[in-house]
Amino acid sequence: MIAKGIVHRYQDNVDTDVIIPARYLNTQDAKELASHCMEDIDAEFAKRVKDGDIMVAGLNFGCGSSREHAPLAIKTAGISCVIAKTFARIFYRNAINIGLPILECEAASEAIEAGDEVQVDFNTGVITNITKNETYQAEPFPEFIQEIIKAGGLMKSIKNK
Amino acid sequence: MGMTMTQKILAAHAGLPSVKPGQLINANLDIVLGNDITTPVAINEFEKAGFDSVYDKSRINIVLDHFTPNKDIKAAEQSKQCRQFACKFDIDNYYDVGEMGVEHALLPEKGIVTAGDCIIGADSHTCTYGAVGAFSTGVGSTDMAAGMATGKCWFKVPSAIKINLTGKLSKGVSGKDVILDIIGRIGVDGALYQSMEFVGDGVASLSMDDRLTICNMAIEAGAKNGIFPVDDITREYLDGRTQREYKVYEADEDAEYTQVIDFDLSALVPTVSYPHLPENTHPVTEAKDIKIDQVVIGSCTNGRISDMEAAYEILNGKKVKKGLRVIIIPATQAIYKECIKRGYMEAFIDAGCVVSTPTCGPCLGGYMGILAAGERCVSTTNRNFVGRMGHISSEIYLASPAVAAASALTGYISDPREVL
């Protein structure tokens, strides 16, 4: 599986309150959530984002609330992969469970800038920065987690068993 | 290699003699929890996957606390969805308006969570229950759905940070100051993917309410869970309250920790976290020129009876600063009733505070105390992220109930030790 798109760049400690503010948590409608995604730190994101685009951030992405609405809003906005130095643990679980691809890669997080065109190969964990002509290697997921991703999320993987 | 307390609980619930940090396990769950925001998403996942039964209706908890009593039509629809699901599966621990409280105050109070449990909740502050000696962690809605269906959850076994507590807290200093100071030292990702295990001679001096507050904010350091050993204070709290027999786990003497933090409770002063991260801690004495517009005393972090007592000690017989909005929210019906019985309610109202029925409301900017542009709030809640309580230019200063109450009298962030 390959993802390719333009990068939306954020810094450390992007919390789930800014990914999707709680004032919108009175709905589960994924499109409505996506229309408010990131608006408190990047008001233009929902208008600017295109299908397949990639989000890159620093440390502890998705910290704070356990709201699954956060990875859902990012996924529904069209983001094909989130790359960060580290993810907050509940966001990490939620992303895997709902099938939003994420990768931890310090080198990619350091080097990639907003607007770069980036390609991600999920089979190898290789991240290619087409704009800068660089590659970075992300840690592959453990087999157990790859199985959840392959099944299309946690509920499907449980059902398969 | 020995195991930490958390690792021992996880091993027992995975049916394994031992586990190691990094190991992926499937563990049996004693308790599964959700609220009115996260449960609807879990119900959708549960139904979409085609499940038609829950693993154990006595172990599932649905607490409608975030946007209740319903703040708007959409919130009412979400509550309705939870209510219908709870009725359909005859969920024992379903708490609606009239019975509900803020979930992490309610479950320990009712003895639903107990020592030795393995607990997940679709709410990040589920880590609160480590205070009673349980492994308890926040997850998302899909994990809740899977937990309700199967009674199991996958975990990566965490490594641990040992926090060695010594000494005793001074007057005007509380569990809130302990956890804020620790987060200030290690940062909002300082315990990422790890357990925070609190040990040492100082543990015995901390009340159960202090421990609940400390474990509640373990997530604010990125931790998977916070946990206290089971001692006389735990037993006293659980005996006559716990709904199930509990099991005591102790860390092995040769358990390995990634880091040991020595923490002298006696040296601690009232602490305030400045916007916009809980790690931006300062001693209260540095904050005295910060003018505020609102005070919130409540939440799963600080809405318990001892928090109400701390506020009462400062507010009784006094008046809050003119122009300041002071919102007090006892976290459960039982705490609310106790506040009435002890005369706190009258004192709060006479002081010029407003007292609300239990709700998470203002903590997450839901309702009941939303901030306008540029406004500042001293809050006993747990997060001060951008826009958390209202407008993106508003500011939240996290503090203890004592600091919040002292600030309510002056309109500036104030040191409770000066008024106690």
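Colleague: What do the buried residues of H2(B) pack against?
Modeller: They pack against helix H8 (154–160) of chain A, and in chain B against S2, S3, helix H3 (73–88) and H5. Helices (H or I, at least four residues) and strands (E, at least two) are DSSP runs, numbered from the N terminus. Buried means that 20 or more other C-beta atoms lie within 10 Å of a residue's own; exposed means 12 or fewer, partly exposed is in between, and C-beta atoms are placed from the backbone.

Colleague: Where do the numbers and letters come from, and what sort of model is it?
Modeller: Residues are numbered from 1 along each chain as its sequence is written, while chains are lettered from A and ligands numbered from 1 in the order in which they are written. The model is predicted: local features need pLDDT of at least 70, side-chain atom pairs count only at pLDDT 80 or more, and totals for chains, interfaces and linings use all residues.

Colleague: Back to H2(B). Which of its residues are buried?
Modeller: Thr38(B), Thr39(B), Pro40(B), Val41(B), Ala42(B), Ile43(B), Glu45(B) and Phe46(B). That is 8 of the 11 residues of the helix (38–48), so H2 of chain B is largely enclosed by the rest of the structure. Gly50(B) follows H2(B) and has a positive phi, near 85°.

Colleague: How do H2(B) and H3(B) cross?
Modeller: Their axes come within 9 Å and cross at roughly 55°. Axes are lines fitted to C-alpha atoms, for helices over the stretch in contact, and angles run from 0 to 180 degrees between N-to-C directions. H2(B) and H3(B) are therefore oblique to each other; under 35 degrees counts as roughly parallel, over 145 as roughly antiparallel, 65 to 115 as roughly perpendicular and the rest as oblique.

Colleague: Which residues make the contact?
Modeller: Thr39(B), Pro40(B) and Ile43(B) from H2(B), with Gln78(B), Gln81(B), Cys82(B) and Phe85(B) from H3(B). Contact means that the C-beta atoms of two residues, placed from the backbone, lie within 7 Å.

Colleague: New topic. What is the strand order of the open sheet in chain B?
Modeller: S4-S3-S2-S5-S6, 5 strands with parallel pairing. Strands pair if DSSP finds at least two bridges between them. At the edges are S4 (93–95) and S6 (135–138) of chain B, each pairing on one side only. Neighbouring strands are turned by 15° against each other on average, direction ignored. Helix H5 (141–150) of chain B packs on the sheet, touching S2, S3 and strand S5 (118–121), and its direction makes about 135° with that of S2(B).

Colleague: How many bridges are there between S2 and S3 of chain B?
Modeller: S2 (31–35) and S3 (60–63) pair over 4 bridges. Leu33(B) stands opposite Asn61(B) there.

Colleague: And how many residues do the chains put into their contact?
Modeller: 36 residues of chain A are in contact with 42 residues of chain B. On the chain A side, the largest share, 6 residues, comes from H5(A).

Colleague: Is helix H4 of chain A mostly covered or mostly uncovered?
Modeller: Mostly covered, with 8 of its 9 residues (69–77) buried. Just after H4(A), Gly78(A) takes a positive phi of about 115°.

Colleague: Last one: what joins S5(A) and S6(A)?
Modeller: 4 bridges join S5 (117–121) and S6 (126–129) of chain A, which run antiparallel. They form a hairpin with 4 residues between them, and Gly125(A) in the turn has a positive phi of about 80°.
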